[in-house]
Amino acid sequence: MQRTQEMTSVQPDWENFYPRPVSDKVPFFNKDGRVYDCLFAQQFNRDLLTLLFRTADRLREVTQHKDGADYVSGLLSDKRAMLYFAQPSTRTFMSFLNACHVIGVKTSEIRDTSTSSEVKGETPEDTVRTFSSYVDMIIMRHPAPNFVEKTAWLMNRTGRPVPVVNGGSGKDQHPTQALLDVYTLYRSFNGDLDGRHVVMVGDLKRGRTVRSLSYLMKNYSGIRLSFVSPKEFRMEPDILEFLKRHGIPYEETEDFKGAMRTADAIYMTRIQDEHDKAGESKAVDYSPFYFKREHLKDIKENCIIMHPLPRRHEIDVAVDADPRAMYWRQERNGMWARAALIAYIFGVDGKIR
Ligand code: CP
């Protein structure tokens, strides 16, 4: 997976590169017309999503038997991945780790930067460059906006580039969460996503999952979105602008009960108070944006309830037993979708389908 000299030599400095629109930057993170560094939800088109979902479906079938599990775990047994998670994570970390194991990729990890030589003054840029000396892929979560993208940009200018996968960056993007979210919709609706009404609820301003999921909605026709949030945490204008540009109708409302009645999917999120500057979350009454047990009677029979998790109080635990509660299956879907993505990036997905 060597980059051509042409690719590396024509790129501008980072300061001139990163403000560009994503559509301009995507070619730099592709290779031979395929996604190489997975950084933005906008990199997934409908064909790629379908291909990844078919691969994920096949992986879960094949690995039910030892022969199949042994076969897929041999596909990438020559590859190693670094999981660099500089922000807390349970699901993304665990699902990527186990996705690697499903397809035979060996793993190493840093989850606490105080155990890295960054404490000796090494820059994060030099630290991540070091990983590429040892591994064939970097899977990364980082609190700093653009840092995952910058890592991929840096790698692509070195003599030993390795693909970089975004496991969540700043408040901006969580593309593989959006991938597993759409995979969950795909499985729940037997592949028929067109014409669905998706209701996103909660702290939409600071939630990177709802941003990435909104981007992916452009791949389906007849989608309608409702953004239900307190006025303090409304969806950011850049996403609304994106939806307008792609002709996706949306409403912004505080009327959760009204929006849920026609929903095909309700996507709950927690308040993202880790991004507070001065305790502003405490000033907001979040309780109108909880999905309570009594709401089960108000939603459609085939509506699914989703959540990227972790949750606090925004979904009653009593809701978990309802067959429409999809969030536990959703988090397991993450392992299969991420395994499919890694297989695709290394070019072995065709040996699974
Ligand atoms: N959904 C999600 O990103 O969960 P974690 O923060 O536990 O990885």
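Student: Where is the place of Asp-32?
Tutor: Asp-32 is in the loop between strand E1 (30-31) and strand E2 (34-35). Helices (H or I, at least four residues) and strands (E, at least two) are DSSP runs, numbered from the N terminus. This is a predicted model: local features need pLDDT of at least 70, side-chain atom pairs count only at pLDDT 80 or more, and totals for chains, interfaces and linings use all residues. Residues are numbered from 1 along each chain as its sequence is written, and side-chain values use heavy atoms, with hydrogens and water left out.

Student: What is the phi of Asp-32?
Tutor: Positive, about 50°, although Asp-32 is not a glycine. Most residues other than glycine have a negative phi, and most peptide bonds are trans.

Student: Which residues does a cis peptide bond join?
Tutor: Leu-309 and Pro-310, with omega about 5°. Pro-310 sits in the loop between strand E11 (304-306) and helix H13 (327-345).

Student: Now the ligand. Which residues surround it?
Tutor: Ser-89, Thr-90, Arg-91, Thr-92, Arg-141, His-174, Gln-177, Pro-308 and Leu-309. Near means a heavy atom within 4 Å.

Student: Which ligand atom does the polar side-chain atom of Thr-92 lie 2.7 Å from?
Tutor: An oxygen atom. For Gln-177, a polar side-chain atom lies 3.0 Å from a ligand nitrogen atom. Pro-308 places a backbone N or O atom 2.8 Å from a nitrogen atom of the ligand.

Student: How much of the ligand does the protein bury?
Tutor: 90% of the 250 Å² that the ligand exposes when taken alone. Areas come from the Shrake-Rupley method with a 1.4 Å probe.

Student: Switching to helices. At what angle do H10 and H11 cross?
Tutor: Roughly 10°, with the axes of H10 (residues 208-216) and H11 (residues 237-245) coming within 10 Å. So H10 is roughly parallel to H11 (angles under 35 degrees count as such).

Student: Which residues of H10 meet H11?
Tutor: Arg-211, Ser-214 and Tyr-215 meet Asp-238, Ile-239, Phe-242 and Leu-243 in H11. Contact means heavy atoms within 4.5 Å.

Note on methods:
Axes are lines fitted to C-alpha atoms, for helices over the stretch in contact, and angles run from 0 to 180 degrees between N-to-C directions. Angles under 35 degrees count as roughly parallel, over 145 as roughly antiparallel, 65 to 115 as roughly perpendicular and the rest as oblique. A polar contact is a pair of N or O atoms within 3.5 Å; within protein, one must be able to donate a hydrogen and the other to accept it, and residues adjacent in sequence count only if both atoms are side-chain atoms.
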